[in-house]
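Work through the exercises below with the model in view, and read each solution step by step.

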Amino acid sequence: MNRFDGRRKKRRFPGVLFSILLSCLILLLILRGISSVSGAAARQEKESLTRAVYRSVIHSYASDGFYPPSLDYLKEHYGLVWNKERYFIDYQPIGPNLMPDVTIIEREDPQ
């Protein structure tokens with residue numbers, strides 16, 4: 001009946017392995033949560049930009065009596081700003097009394 005026969009060392013290894021696996025699982029869940037929040041924020045940002053563009057276009061038509069001929073007109077007269085490195089806005093005017101075709105495309109990261 002030797003108390004110091006090394007049994008404790010054998011029992012420690014599964015405990016350490018379990019701790020490492022649990023830590024990796026928690027880290028993975030945290031990274032997945034951050035990614036999910038980041039994706040939701042990007043979608044919200046694009047929706048906000050879309051609303052701002054259409055709001056400016058409609059406001060221009062209501063104030064001036066015609067739809068803006070270009071995005072530059074919206075920037076100058078209605079203060080429309082956006083992150084040009086992140087979003088590309090394709091603005092195609094159809095006519096002075098027809099709603100323009102607006103497409104907002106999220107650019108890929110250059111990394």
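**Exercise 1.** Find which elements of the protein chain have the lowest and the highest mean pLDDT.

Solution. In this predicted model, pLDDT is the predictor's confidence in each residue, from 0 to 100. Among the elements, α1 has the lowest mean, 87, and β1 has the highest, 95. Over the protein chain the average is 87, and 86% of the residues score at least 70. Local features need a pLDDT of at least 70, side-chain atom pairs count only at 80 or more, and totals for chains, interfaces and linings use all residues.

**Exercise 2.** Determine in what order the elements run from the N terminus.

Solution. Helices (H or I, at least four residues) and strands (E, at least two) are DSSP runs, numbered from the N terminus. The protein chain has two helices and two strands, and their order is α-α-β-β.

**Exercise 3.** Identify which residues have the most contacts inside the largest nonpolar core.

Solution. Such a core is a set of buried (under 20% relative accessible area, 1.4 Å probe, protein chains only) Ala, Val, Leu, Ile, Met, Phe, Trp, Tyr and Cys residues joined through side-chain atoms within 4.5 Å. The largest has 13 residues, and L49, V53, L71, W82, I89 and I104 have the most contacts inside it. At least two residues each come from α1 (7-64), α2 (71-78), β1 (87-92) and β2 (101-106). Leaving aside residues up to four places away in sequence, I89 touches L49, V53, L71, W82, V102, T103 and I104, where a contact means heavy atoms within 4.5 Å.

Note on methods
Residues numbered from 1 in each chain as written. Heavy atoms only, no water. Buried < 20%, exposed > 50% of the residue type's maximum accessible area, 1.4 Å probe, protein only.
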